[in-house]
Structure formats: structure tokens, C-alpha cells
Amino acid sequence: MGGVRLPAGRSEATDGAASAGTRAGVGSPGTQGGIDHVTEGVMTVNMGPQHPATHGVLRLVVGLRGEEVVSCKPVVGYLHTGIEKTAEYRNWVQGVTLVTRMDYLAPLFHELGYSLAVEKLLGIEAPPRAQVIRVMMTELNRIASHLVWLASTALDLGALSMMLYGFREREAILAIFEAVTGLRMNHAYIRPGGVAGDVDDETLERVLDFVDLMPAKLAEYEDLLTTNPIWIERTRGVAVLPADQAIALGVTGPMLRAAGVAFDVRRTDPYCGIEGYEFDIPTFEGADVYDRYRVRVAEIRESLKIVDQTVDRLEDGPFMIEDPKLAWPTHLSVAPDGLGNSPQYVRHIMGESMEALIHHFKMVTEGFKVPAGEVYVPVESPRGELGYHVVSDGGARPYRVHSREPSFVNLQATETMAKGGLVADLVAAVASIDPIMGGVDR
Amino acid sequence: MSQDSVLERMREAFPSAAERAVRDRGQLSIDLDPGELRDVAAFLREDPACAFQMLSSVSGVDYPDRERRLCVVYQLHSLEHNHRLRLRVSVSVEDPHVPSLTDLWPTADWHEREVYDFFGVIFDGHPNLERILMPDDWVGHPHRKDYPLGGVDVKFTEVSVPPADVRGANA
């Protein structure tokens, strides 16, 4: 474990670039053409922050000797928006609206992790129907996220048709999300105490249709890639990160499972009754980009199995906790711009019941109070362990919300994976991490 | 309960620190002095009954009412035994020094940079302690409670944005 190289930070990188300006490496082949970022034959190149292969605004300060990567320092923070700080100034329910904006490909996992942490502080549990809906929605979200990964990684490595297919199937999931939450992203759907709206039978039909459709599509992807010699050439043995280094670097999720470690939060710290579902944790031994690909495809199959089981388990009942001191007071209906107050409910509070209006006003403006304490609750996001460390001082607003973002942690492994490889493999290495910069920078 | 075995081992090796163990909502936390942190952390990582191979997360919390107001929170996880433990180390603003754990868990690198960036805790022995999410030339540590929310100067003439806690509905 002591052999793990740590990525260093930005000043070292910029220092390197500045001292390179002294032209210490004049005479080496790299300096021809007047490039002055060259020292000892090593050229320092900025990849990003605006670069199609960095999946957002990631900047990599790469030291190159010819085509070989000799150093690679990720520089992050370009998307920092202070979501965690802002959450301290908003009430507990509003926190959901904020955290869902971190990882824009897996927003429901952030909502779930945050909501579970708040529920643990409150000492409550969401009703059974809400639990099943949560499992169904997050596993669909995992499939959608892995499909985007597959599409964009294949695009990075030159497999253009895979890009189109991945996004095509993802649309079907986003359509389901839109039918349930009103929005394709930033749902604010999973909330402390349950979920914001119910799932109707028509939507369940669509979910089942999707589950039926997907196996044939997955076979199609695998026909395209799994035995494709170009794909294998670009991915097998590339960006290897063995299990011991991965654990030392805190890497979790598909990257760790591709290195043979069957660590999955759904097994170690099960949530929403997911321990009662039948599914496997796929692992592979290669620890390379190819096996990360195979793990994710296998995980899509497992998630489909879970989604299929949720439809049968959905029993009638409330989808939000019934305690009026905690539950969001309104009945929401899906509108083109998300979930909004239903007309019947507005008629009720505005025309029929003064008490209901007062209650609504109090719950919406002030919200509920959460007993003082501190919890850490992990969930298994498509990228690994997503942990919420939430502190309450007993007030109506979070005292501190910290998100242990798997993208942030996994991105540290870039240099370890890319060093000694080729520039083209650096693209594969970064893509195989599946970093979402909104989550990294928060 | 594997938490009990962790606590048992802690009582044997570090009796005074184990006294400060708190169990709340099923989660075990231990408050440590900065001086104790490294020994305890190394023990927890190496001891076969504890075996915390994974440092899941490091975050900070600011409690302005306390004398040692900056609290660094470590979440440990053992893949082998599947138990979790939280370590808390508090330091004052005047002497915000905590030993770095980067040599025990290399993943601590970015986590500690983040806590340094947001809270100004200095991790002694960190190979490269610099801001990570805020710009390099940023002044102050934004997650401290006395640091205002928003109100950042915009780089256009005659434009200013009021702080979010003033302009919001919850002002």
C-alpha cells in the first residue's frame, strides 16, 4: 500500500509549468517549435478544464514524454457552488432540492442518502410503499447512469454508435422519471419521510416494458463491444488499479468490484429493505478498463432484476410518513415543471380550513425540527459509496451537511492509473472512473 | 455486535480514549485529542479485530461556541468485519493543527485538503496541503460559521449580488 502514488496538487503543477518556462530542456526534441513548457524532455500540457474527454470541467495537468504520461495531476473546483454551505441556510426539506444538484446523473441517490440521514436523525422510517418506490427509482437511476457511462466512454474511445444506443435507452428511463417526478433531473422526489408523489399503474406498465426491453438491448451492446478487438485493445490491461491500491485510495463502486472486491453498500449497510431482494454483486479480476465495463454491464442486469421485483412488491399504502408534524403538508401533482400543489389541495387550504392553511404555512416556511446529533449514512451510488454526514443542533435547519462523494474520492486515483501509460489511455482511465464534476466540486 | 469488539480492543489499548466513546443512533464515535489521533488511527487500521482498511470520509464541523471549535470527523470502515467507526478531533482556531493521516490512508490526501480549504485546519505532515475546491487565492475558510453565505463580488461593473441568506425567503 505504501507504493501508491498520490496525486499532488495544483501549485506543484503550476510551479512545474512556470519553471519549465526557463527552458531548462532546450535541445530536447520536445522544445522544437518554440514550446516553452518543456523541462528535461517532459512537456507539461493542460488537458481541460474545457475538453470533451474530461466529462465536465476537469483539468488535468499532464506531464508527457512523447506519448508517455509521466505525471498527471487533477485540478478540481471549477464547478464549486457551495451546496453544502447553502444547505445550512435552508430547512431540512429544502436540503433535498440542493443535494440533488450535485451528481446530475444520479440525483436520486443524493436525495436518498440525504433523506436517510435525516430520517436516522429523526428516528423514523419511511412507510413500506415509499421504501419500494425508492428502491425502484434509484435502481432505474443506476441503469440510466451506467448507460450514460457506457455511451460517453465508448464515445471517448471511438465507438460512436454505442453513444447513440446508450442515450436512446436512457431516454426511456428519463421518460419514466418525468412521469413520476415531473422532471428529468433535479427531481427533489425522495424526501425525508417518504417520497413526494405516488407511482401509478400506467407508470408501472412502462417500467415493466422497459425491463422487458432491456435484455435485448444489452445483448446488442455486448455484440458491439465485448468481443470487439478494437474495444479490447483500447481497454484490456489499461489503467490497472489493483485492489490494495484501490482500497488505500478509498476507491469504491464498480472500480473496486472490477478489482475483485465484492464491496457494495447495498450488502454492507442495506437501506430501504434492499437486503430482501435477490441480486448478485458482480465482480471481475482484471482491475482494468475492460473489467470496469463488464462490471457495469453486469450491474445493469442486476438492477433490472431488482426493478422487476419491486413492481410485484408494491403494496397499497401511504407513500409519505403520516405524522403531520413531519410530513410535507400538500398533496402534489405532476405538472410540466415538476411536482406542484394539486388544485384540490389549494382549494382545501384557501377555501375550507383555516387550520390547514396555518399548518401548511408553518411546515413550508419553518419546517420541522430535528433532534440534535450526528450521523453518517452511506448508499451505493452508481459510482460507489455515497455517504452523508449530517449534523443537527436541534434546529429547523441542518447544522452541517457533508457529502462523501464517490466521484471526488475516486478521481484521486487518476495519476496512479495513468502514470506510465499513453495519452490515449489517460482518456480511457478518466472515463473509467466515471467522474461527475458536479459531485466532485459540490 | 462488532462495534462492541472494537470498543473492547480500544479499552485494552487506549483506555482513556475509550472512555470518551459515544454511541448514538447505533453509530459509535470516539473523541480524540490531536496528539492521540495518529496512534489510535494506526492501531485501528492494523489491529486484526478492528481492521479499518478504509477511510471512507473526512469532513469538518465548526462549533463557534466551543473553545476548540473546529471539529474534524473521520469515518472509518472495515471491509473485513463490516463495522464503522467515527473519530472526532477538535482544535481551536488559534492552534488548528491536526496530524495528517495521508501515510496511513492515502485517500486522506484530498479529504484533508478539503477540510483545510473549508475550515482552515492544518494537517501536519500532509504532502501538499493546499486549497482544493476554492480558488488558490481565496481569502478565508467558507464553511466556518462566521463566514457569510454568498455576496461574492461579480466581475462586472456596477453589479452586486446580495448574500443568499439575505435575499432568500429564509432571510
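These exercises, each with a worked solution, walk through parts of a two-chain structure.

The model is predicted, so to speak of local features takes a pLDDT of at least 70, side-chain atom pairs count only at pLDDT 80 or more, and totals for chains, interfaces and linings use all residues. Residues are numbered from 1 along each chain as its sequence is written, while chains are lettered from A and ligands numbered from 1 in the order in which they are written.

**Exercise 1. Compare the span of helix H4 of chain A with the expected span, then decide whether H4(A) is enclosed or open.**

Step 1. Helices (H or I, at least four residues) and strands (E, at least two) are DSSP runs, numbered from the N terminus. H4(A) covers residues 107-122, which is 16 residues.

Step 2. The expected span is 1.5 Å times one less than the number of residues.

Step 3. A residue is buried if 20 or more other C-beta atoms, placed from the backbone, lie within 10 Å of its own, exposed if 12 or fewer, and partly exposed in between. In H4(A), 16 of the 16 residues are buried, so the helix is largely enclosed by the rest of the structure.

**Exercise 2. Work out how H5(A) is oriented against H4(A) and against H12(A).**

Step 1. Axes are lines fitted to C-alpha atoms, for helices over the stretch in contact, and angles run from 0 to 180 degrees between N-to-C directions. Angles under 35 degrees count as roughly parallel, over 145 as roughly antiparallel, 65 to 115 as roughly perpendicular and the rest as oblique.

Step 2. H5(A) spans residues 128-156; its axis comes within 8 Å of that of H4(A), and the two cross at roughly 140°. H4(A) and H5(A) are therefore oblique to each other.

Step 3. Contact means C-beta atoms, placed from the backbone, within 7 Å. From H4(A) come A:Leu108, A:Phe109 and A:Leu112, which meet A:Arg134, A:Met137, A:Thr138 and A:Asn141 of H5(A). For the classes, Ala, Val, Leu, Ile, Met, Phe, Trp, Tyr, Cys and Pro count as nonpolar, Asp, Glu, Lys and Arg as charged, and the others, Gly among them, as polar. This contact has four nonpolar, two polar and one charged residues.

Step 4. Now turn to H12(A), residues 289-313, whose axis lies 9 Å from that of H5(A) at an angle of about 155°. These two helices are therefore roughly antiparallel.

Step 5. The residues in contact include A:Trp149 and A:Leu150 of H5(A) and A:Ile300 and A:Leu304 of H12(A). By class, there are 11 nonpolar, three polar and five charged residues.

**Exercise 3. Describe chain B, and then the side of chain B that touches chain A.**

Step 1. Chain B has five helices and seven strands, in the sequence order α-α-β-β-α-β-β-β-β-α-β-α.

Step 2. Its C-alpha atoms fill a box of roughly 65 × 35 × 30 Å along the principal axes. Of the 171 residues of chain B, 37% are buried.

Step 3. In H3(B), the buried residues are B:Leu37, B:Ala41 and B:Leu44. Their cover includes E2, E4, E5 and E6 of chain B.

Step 4. The contact between the chains takes 36 residues from chain B and 37 from chain A. On the chain B side, E3, E4, H4 and H5 each supply at least two residues. E3(B) gives the most, with six residues. The chain B side divides into 15 nonpolar, 13 polar and eight charged residues.

Technical notes
Two residues are in contact if their C-beta atoms, placed from the backbone, lie within 7 Å.
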